[in-house]
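Here is a briefing on one structure, grouped by topic. Look at the pockets and ligands as you read.

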Amino acid sequence: MAEPRLRHLLVTGGAGFIGSAFVRQRLAQDAEINITVLDKLTYAGSEENLAEVARDPRLRFIRGDICDPATVEPLTREVDAIVNFAAESHVDRSLLDAGAFVQTDVYGTYVLLEAARHSRHQRFLQVSTDEVYGHVKDGRRREEDPLDPRSPYSSTKAGAEMLVRAYHISHGLPTLITRGSNTYGPYQFPEKIIPLFITNALQQVPLPIYGDGSAVRDYLYVDDHVNAIARVLWKGQPGTAYNVGGGTEVSGVKVADSVLQACGRPGSLKHFVKDRPGHDYRYALDIRRIRSMGWEPRVNFQDGMRLTVDWYRQNDAWWRKRKSADFWNYYQQNYRGLPANAIPD
Ligand code: NAD
Ligand code: DAU
């Protein structure tokens, strides 16, 4: 199959953690690409995440909501592919209130698909997650395995995937899906385990480990993840899903120990808290399909952690701004029963 000639991408959610890494990487690696970023700038998104490329004339930023057809439709007519990163992305927040997840992750994806149906796009890539498979007791999940989401977040991502698949089958849209594993690296909002633990360690407040800390995740460095998305966008077979995993299995306790060691902080900062309700204890992906397209994760967990800790050390103002009063309000709601010293002065 001939590779699509993609000159102009609409990147939704491109001011978030992974979306902004994709935009930075594409602009650096593809001299002919133009990118329009559409992002609502929720608490998780910021134009600061695109500051390194803000002056690039090939980049245009538009603040707007993927749920609004009047915003989406004219933009989709100008581009030849859509890459949808926009989502509410944090499992713990979906347990507190799932409304925004249903709205953005499901309805927003529908609005984008409808707009794509009325334009002649070469590709529609939906950025999904390994969480759609649910807890994986043993073995590794393959792309044909049934979806079994168990949290409000993963259910909305699975719902979006079903719509994407339906628009491929019913309307012939050239869709692609990537199912990435737990991603970490620079610019990640400090609510997810790795940036939360790094910034808590730097602030010398406890690292809240759920349950006994034995749940494992397959951590994937962000540059590897966005490389895989680009590979699938240009070389993937329409109508197909691709697992993207780092191949590691790291427990919560191991994350805490690695962070404390890298930050030179004592083990006494580890604090075991009430488990996440419905906690998926393990995700594990079979990545043979994307490997056969020549993609491999390049950054191992040790190197990725070093790069990430260095970035947070050097970008103190970036993360401190995000750990605002709103953040600590969410934190107190989510982590009930933490000691008084859990929140910095
Ligand atoms: P993020 O929360 O950092 O970024 C999400 C971005 O989407 C933000 O910039 C936000 O402002 C924007 N957004 C939210 N609602 C919007 C709306 N209605 N309209 C327009 N923009 C909106 O998330 P992330 O970690 O960068 O994840 C990006 C995508 O990758 C998500 O779809 C997520 O499900 C998926 N994913 C994430 C991981 C991970 O470990 N972080 C792993 C696999 C897949
Ligand atoms: O697997 C891909 C998914 O990874 C993405 O689709 C999601 O967008 C992303 O948020 C992430 O979901 P997780 O729930 O796996 O990530 P989180 O960082 O919230 O949690 C990772 C593990 O760490 C999980 O076992 C729960 C544990 N944990 C998490 C937090 C925030 C803790 O022990 N303490 C914490 O404070």
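Three elements, α5 (152-171), β6 (175-180) and β11 (240-244), each supply at least two residues of the lining of the largest pocket. Helices are DSSP runs of H or I with at least four residues, strands are runs of E with at least two, and both are numbered from the N terminus. This is a predicted model, where local features need pLDDT of at least 70, side-chain atom pairs count only at pLDDT 80 or more, and totals for chains, interfaces and linings use all residues. Residues are numbered from 1 along each chain as its sequence is written, chains are lettered from A and ligands numbered from 1 in the order in which they are written, and side-chain values use heavy atoms, with hydrogens and water left out.

**The largest pocket**

- A pocket is an open set of points on a 1 Å grid over the protein atoms alone, where a 1.4 Å probe fits, with protein on both sides within 12 Å along at least five of seven lines; lining residues have an atom within 4 Å of a point.
- The largest pocket holds about 310 Å³ of space. Such a volume is the space filled by probe spheres set on the points, and grid points are joined across faces, edges and corners.
- Its lining has 18 residues, and E143, R165, R179, G239 and A241 lie nearest the centre.
- Helix α5 gives the largest share of this lining, six residues.
- By class, the lining has seven nonpolar, four polar and seven charged residues. Nonpolar means Ala, Val, Leu, Ile, Met, Phe, Trp, Tyr, Cys and Pro; charged means Asp, Glu, Lys and Arg; the others, Gly among them, are polar.

**The second largest pocket**

- About 270 Å³ of space lies in the second largest pocket.
- It has 13 lining residues, with K274, D275, P277, N334 and R336 nearest its centre.
- Both α3 (91-96) and α12 (325-334) supply at least two residues of this lining. The most come from α3, with three residues.
- The lining divides into six nonpolar, two polar and five charged residues.

**Ligand 1**

- Around ligand 1 are 29 residues, of which I18, D39, S89, Y153 and K157 come nearest. A residue counts as near if one of its heavy atoms lies within 4 Å.
- Polar contacts are pairs of N or O atoms within 3.5 Å.
- The side chain of S89 has an N or O atom 2.7 Å from an oxygen atom of ligand 1. For the side chain of Y153, the distance from an N or O atom to a ligand 1 oxygen is 2.6 Å.
- Taken alone, ligand 1 exposes 840 Å², and the protein buries 97% of that. The area comes from the Shrake-Rupley method with a 1.4 Å probe.
- Strand β5 (123-129) gives the most to the shell around ligand 1, with three residues.
- The shell has 11 nonpolar, 14 polar and four charged residues.

**Ligand 2**

- Ligand 2 has 26 residues around it, and D130, Y153, N182, R276 and Y335 come nearest.
- A polar side-chain atom of E131 is 2.7 Å from an oxygen atom of ligand 2. An N or O atom in the side chain of N182 lies 2.6 Å from a ligand 2 oxygen.
- A polar backbone atom of P208 lies 2.8 Å from a nitrogen atom of ligand 2.
- On its own, ligand 2 has 690 Å² of accessible area, and the protein covers 94% of it.
- The shell around ligand 2 divides into 12 nonpolar, seven polar and seven charged residues.

Methods. Polar contact = N/O pair within 3.5 Å; in protein donor to acceptor, adjacent residues only side chain to side chain.
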